[in-house]
Amino acid sequence: MVPLQCRFLNKPGVFRILAGTSQVNRGCCREAGGSVSETVRVRFAPSPTGFLHLGGLRTALYNCLFARQQKGSFILRLEDTDQSRLVPGAAEAIEDMLDWAGVSPDESPRRGGPVGPYQQSHRLELYQKAADALLESGHAYLCFCTPQRLELLKREALRRRQTPRYDNRCRHLTTQQVQEKLDMGSPHVTRFRLEECVEPFQDLVCGWTKHDVAVVEGDPVIIKGDGFPTYHLANVVDDHTMGISHVLRGAEWLVSTSKHHLLYKAFGWKPPQYGHLPLLLNKDGSKLSKRQGDIFLEHFARSGYLPEALLDIITHSGSGFPENQMGRTLKELVQQFDVSRIMSHSALLDLEKLPEFNRIHLSRRISDACLRMELVSLLRAEVEKAYTGNITDREVLETDYIERVLLLRKGHITRLTDLLSTSYSYLWVRPSVPRKQLEAISVEVDKITGLVLGLLQAGSPDRTTDELNTELKVLQGQTGPSVAEMLISLGPYESCKRIQRALSS
């Protein structure tokens with residue numbers, strides 16, 4: 001039986017293919033002053049172990065902004081190699097929410113593209129070939145350590161108050177020992193040989209940095225026992241074969257980048273430029289967690305928040321722009337984004353301000369004639385759903401009427417759904433009050449209604465609220481004492497007794 005390390009000795013083309021240029025040509029250079037002069041290809045690579053939340057949206061947005069600004073390509077790649085943690089429907093929902101937010105990828109599992117598949121579980125053969133190439137070149141080896149032994153190593157390290165790490169035992173197996181274990185059918189994984197004295201790299205956000213991973217870590221697994229790659233191998237292979245020029249990802253991956261550079265060196269590939277984005281934290285400084293049900297995009301969409309308001313608040317909370325300002329559109333974000341302005345310190349997200357951001361963007365939509373018609377259709381559907389059976393006159397669902405409501409309430413409502421609250425039910429449900437009930441309130445019902453009708457029919461249909469209030473005060477003098485005058489005349493005790501009696505009757 002041919003040892004796994006030697007499987008490709010008779011296929012020299014494999015290593016050359018893997019070590020050669022990627023499928024998408026990308027030259028990486030910078031002109032004087034730091035401007036980008038290359039074909040920019042960036043990617044957002046979430047794991048479908050959950051749904052898209054605000055932290056993921058910001059990472060996707062920054063990649064999208066950079067690609068749009070540099071006239072490059074924005075790619076969505078799903079890293080689904082951890083099959084045990086996959087959430088049904090999450091893969092589709094992630095792309096749905098990116099589209100909803102206006103951060104649509106140019107290439108993705110759904111859209112396809114020149115370097116697909118864009119889902120790692122469909123690229124297993126590529127990773128195995130890459131691992132075999134590393135075995136062939138001596139940069140990787142097979143590890144036969146059992147889970148029980150690894151657990152003992154971990155416990156012993158913890159007992160000594162040390163960071164658990166693999167002791168690289170199988171790195172020293174001879175070719176004959178490896179072959180014997182393979183002949184016995186012993187389960188195994190593939191590990192990458194870490195090197196000491198890693199070279200520093202210049203991060204677009206954090207500057208020059210390096211982590212001596214071989215000093216603090218054991219050799220990492222790159223192919224698991226089930227044949228699936230780990231993040232480190234798949235990430236590097238995919239970024240190279242997809243021609244990724246820049247990697248903008250979360251700061252939590254900064255310590256792994258030196259490890260990824262070692263992989264690039266072992267393959268003979270040129271790594272992309274990295275920029276590690278600061279964490280997006282809650283207002284109190286705590287970490288955004290998937291356990292917070294209110295940080296997922298589906299929650300905000302269901303609650304009536306606009307996608308542009310979310311994009312606005314997550315960029316307002318961070319850095320990467322000349323100044324913080326509210327109300328920026330996606331087009332303005334593309335124009336103003338500057339990767340060199342991204343700060344390394346964490347950004348605090350104050351979601352209590354989201355209603356105000358939404359009010360600004362909702363007002364902008366209402367002011368735009370085309371977008372206003374979309375809101376009319378949405379509001380009509382929501383009104384029919386909320387007041388099913390209570391709408392006796394369909395005139396309140398006509399376009400002109402709903403459009404007038406939107407224009408009048410522009411700047412006063414934070415969400416479209418505010419107009420469905422009981423405070424605004426009078427807009428959609430015409431009251432039905434019998435004449436006898438009106439006569440019981442006042443014997444001058446005909447006089448009062450005549451005066452009100454005359455006021456409404458004689459005045460301008462475009463009168464303001466203040467103008468109408470003034471006219472109603474004048475009218476009130478012709479119909480008897482005001483409410484305030486009656487309350488003062490009756491006194492607090494009698495007024496309260498009458499109100500309580502009315503409520504209990």
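In what order do the three strands of the open sheet stand? Before I answer, please keep in mind that this is a predicted model, in which local features need pLDDT of at least 70 and side-chain atom pairs count only at pLDDT 80 or more, while totals for chains, interfaces and linings use all residues. Residues are numbered from 1 along each chain as its sequence is written, and side-chain values use heavy atoms, with hydrogens and water left out.

The order is β3-β4-β7, with antiparallel pairing; strands here are DSSP runs of E of at least two residues, helices are runs of H or I of at least four, both numbered from the N terminus, and two strands pair if DSSP finds at least two bridges between them. Because β3 and β7 (221–223) each have a single partner strand, they stand at the edges, and one side of each is left without a neighbour in the sheet.

Four bridges join β3 to β4, residues 189–192, and cysteine 143 has valine 189 of β4 as its bridge partner. Between β4 and β7 there are two bridges, and threonine 190 stands opposite isoleucine 223 in β7.

Staying with β3, residues 140–143, we find both faces covered, since Ala140 and Leu142 on one side and Tyr141 and Cys143 on the other are all buried, meaning under 20% relative accessible area with a 1.4 Å probe, protein chains only.

Turning to the helices, α13 (residues 354–367) and α14 (residues 369–386) pack at an angle of about 105°, with their axes 5 Å apart. The two helices are therefore roughly perpendicular to each other, a term that covers angles of 65 to 115 degrees, taken between N-to-C directions of lines fitted to C-alpha atoms over the stretch in contact, on a scale from 0 to 180 degrees.

Key. Buried means under 20% relative accessible area, exposed over 50%, partly exposed in between (1.4 Å probe, protein chains only). Angles under 35 degrees count as roughly parallel, over 145 as roughly antiparallel, 65 to 115 as roughly perpendicular and the rest as oblique.
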